[in-house]
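User: I have a structure to go through with you. Could we discuss its fold and packing?
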Amino acid sequence: MQLDELYREVIMDHYMHPRNQGQIEGDALSIDLKNPTCGDEITLQLHVEDGVVQDVRFKGAGCSISMASASMMTEAVRGKSVEEAMKISDEFRKLMKGEEANEELLDDLEALSGVCRFPARIKCATLAWNALDKTVKNSEKGE
Amino acid sequence: MTTENAFIADFPILDQQVNGHRLVYLDNAATSQKPLVVIEAMDKYYKTINANVHRGVHTLGSLATDAYENARLAVSTFIGAHDEREIIFTRGTTESLNMVAHGYARQHVHAGDEIIITLMEHHSNLIPWQQVANATGATLTYLPLLDDGTISLEDVREMVTDRTKIIAMTQCSNVLGTINPIKEVAKIAHEHGAILVVDGAQSVPHMKVDVQELDCDFLAFSGHKMMGPTGIGVLYGKMEVLEKMEPVHYGGEMIETVELFQSTWKDIPYRFEGGTPIIAGAVGLHAAISYIESIGMNVIEEHDHRLTAYALEKLSAIEGLTIYGPQHDRGALVTFNVEGVHPHDVATVLDTEGIAIRAGHHCAQPLMRYLDVAATARASFYLFNTLQDIDILVDALQKTKEYFGYATR
Ligand SMILES: Cc1ncc(COP(=O)(O)O)c(C=O)c1O
C-alpha cells in the first residue's frame with residue numbers, strides 16, 4: 001500500500017483549503033449526518049432552484065478523506081441539475097467499489113480512486129455523498 | 001525483558017508481514033491476540049469431546065460438562081471468588097452488564113432512586129444504566145473527572161446518598177487508562193446500601209483482580225481481551241446479589257420444572273445460562289487463564305507498566321502530540337492526538353508501516369465530548385509487545401507528522 005495512492009495532492013489541497021465551507025443564508029435543504037463508527041460529521045446545505053443546485057455548502061469535522069471528499073463533492077455538483085448530481089454520485093460510488101466509472105463525469109473526483117484500496121476509509125469518503133443523496137431524497141419525499 | 005521477548009513465539013499471528021512490514025500489534029484494548037495454547041485447546045475440544053453439556057448421559061456429554069465446569073472453577077479461582085457458583089458465563093462484558101441492568105437493576109431500582117456512573121464509561125457500562133433510569137424513573141448521575149482524568153473519592157462521598165442503589169464504574173478506562181479506586185468506592189457504596197458494579201474489561205486482563213479484596217458486588221469482563229476467544233465473557237456476582245437477580249434468557253438448560261403457565265428455575269448459576277452455553281469458548285478462556293497463570297500476572301503487570309511508562313516518555317517527547325489521561329498508575333494503553341492530523345489519517349499511515357492502532361471514539365462518546373475531541377488514536381499493549389514496538393510507533397508518528405507537512409504549517 002502506498003500512501004501517495006490515497007493522499008493525492010488534489011485531496012490534500014481540498015483538505016487544507018476546503019471549498020464551499022459555511023452556511024447558506026436563506027432557503028436551503030439541510031441535513032446533519034454522522035459516521036457513527038468514527039465520529040466524523042457533516043452538515044450539508046443545498047439551495048435548489050428550477051431543478052438546479054444553485055448553491056451548496058458544508059460544515060463538518062473529520063479526517064482528511066472525509067473533508068476533502070465533501071469539498072470536492074460540492075465543487076462537482078454546484079451548478080449541475082439535481083439529476084446530473086445524482087448521476088455523479090452513482091459514478092462516485094462505483095469508483096469507491098473499484099468498479100469502472102465514468103471519468104468524464106467524475107473529473108477531479110478521480111483523485112479519490114485510491115480510497116478503494118483502503119477499505120477502512122471508504123466510509124470516510126462517502127459520508128458527504130450520503131448526505132447529498134439523503135438531502136435530495138428527503139426533498140423529493142417532501143414534494 | 002528487552003527486545004528479546006520470549007512470549008512472541010507463543011502467538012502465531014505475530015509471525016507475519018502486514019503491508020511489507022513486521023506486524024506491530026498495538027490494539028490489544030480492542031481485542032488481544034491469542035497464544036497457540038488457546039487455539040489448540042479449542043481445537044482439541046472440538047476434535048475429541050464436543051457434546052452438549054448438562055443433558056447427555058453419554059460419555060462425551062460428561063467430558064464436555066467437566067470441561068465446561070472446570071473452566072468455571074478456573075475463572076472462580078482466577079478472580080478469587082468465594083464460590084464457583086458465583087461465575088456466570090456470558091458472551092462478554094456487554095452482555096454481563098446488560099444482565100445486571102435487566103436482571104437485577106430493573107427489579108430493585110425504583111423511581112426516585114439514584115444510579116451513579118462516571119464520565120469515562122464505555123457505552124456498554126453507560127447505555128444499560130440510561131435504559132434502567134428511563135424505565136424506572138431513577139436518576140442517572142455522572143461522577144465528574146478531574147483534570148488528569150481520574151475521579152476523586154471526595155466527589156464519590158459527596159454524591160452517594162441513601163437513595164443510591166447502584167454505582168457502576170470501570171476499573172480501568174479504555175481511553176484514559178485511569179485505574180479507579182474500586183475498593184474504596186465499594187466501601188462507600190455499601191455504607192449507603194448501594195451495590196457496586198465493576199466493568200473489568202480492561203483490568204482483568206492486565207492486573208491481579210481479587211473480587212473478595214475489592215468487595216465489589218458484580219464484576220464483568222470479556223475473554224477476548226485476555227487472550228481467550230471472542231464470544232465468551234464472565235459475570236461474577238456475590239451469591240447474595242445473584243439470589244436477588246432474575247434470569248434474562250429463558251429457555252433450555254435454565255429450568256427445573258416447566259408447567260403450562262409457570263416454571264421454576266435451576267440453581268445459580270445455571271438459571272442465568274439459558275440455552276446451550278459457549279462451551280468451546282469456556283474451554284478457550286480456561287486455556288488463556290492457565291497461560292496467564294503459567295507466566296504470572298505480576299510478570300505481565302510489570303511488563304505492561306514498563307512498556308506504558310516507556311511509551312508515555314517517548315510519546316511526550318514528540319512535539320504537537322497530546323496525551324490523554326493520568327501520568328502514573330494507569331493501564332497498558334496510551335491515547336493521543338497528533339496536532340493537525342486526524343486520528344484516522346494517523347491510523348492509516350501507521351497501517352502502511354504494519355502498525356495496528358485504534359482510531360475513533362472508542363465507544364465513549366460522552367468522554368470524547370468532555371475531552372472536546374471528535375476522536376483519538378490509541379496504542380494498547382500486552383505481554384508480546386516490546387520496547388522496540390514502541391520505538392517503531394514513535395518513528396512512524398514522526399513520519400506521519402512529516403507526511404502531513406506539520407513542519408511547514
Ligand atoms: C472498558 C470496556 N468496557 C466494556 C467493553 C465491552 O467489551 P465487549 O465488547 O467484549 O463486550 C470494552 C471493550 O471494548 C471496554 O474497553
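Predicted model: local features only at pLDDT ≥ 70, side-chain atom pairs only at ≥ 80, totals over all residues.

User: What is the strand order of the open sheet in chain B?
Analyst: The order is β4-β10-β9-β8-β7-β5-β6, seven strands in all, with mixed pairing. On average, neighbouring strands are turned by 20° against each other, direction ignored.

User: How many bridges join β5 to β6 in chain B?
Analyst: Five, and the two strands run parallel. Within this pair, Ile115(B) has Leu140(B) of β6(B) as its bridge partner.

User: Which strands does helix α2 of chain B lie across?
Analyst: Helix α2(B), residues 59–78, lies across β4, β9 (218–222) and β10 (233–237) of chain B. The helix runs at about 115° to β4(B).

User: Turning to α3(B), where is its kink centred?
Analyst: On Ala101(B), with a kink of about 25°. The helix, residues 93–108, still reaches 21 Å from first to last C-alpha, close to the 22 Å expected. Ala101(B) is also one of its buried residues, which include Leu97(B), Val100(B) and Tyr104(B).

User: Now the packing: which residues have the most contacts inside the largest nonpolar core?
Analyst: Leu315(B), Phe336(B), Ile357(B) and Leu397(B), in a core of 76 residues. Apart from that core lies another, of 75 residues, with Leu23(B), Ile79(B), Val185(B) and Val283(B) among them.

User: And what does Leu397(B) touch?
Analyst: Leaving aside residues up to four places away in sequence, Leu397(B) touches Leu315(B), Ile318(B), Leu321(B), Phe336(B), Val338(B), Val346(B) and Leu350(B).

Definitions and conventions. Residues numbered from 1 in each chain as written. Chains lettered and ligands numbered in written order. Heavy atoms only, no water. Helix = DSSP H or I, 4+ residues; strand = E, 2+ residues; numbered from the N terminus. Expected span 1.5 Å × (residues − 1). Bend = angle between axes of the 7 residues up to and from the residue. Buried < 20%, exposed > 50% of the residue type's maximum accessible area, 1.4 Å probe, protein only. Core = buried A, V, L, I, M, F, W, Y, C linked by side-chain atoms within 4.5 Å. Contact = heavy atoms within 4.5 Å. Pairing = 2+ DSSP bridges. Axes fitted to C-alpha atoms, helices over the stretch in contact; angles between N-to-C directions.
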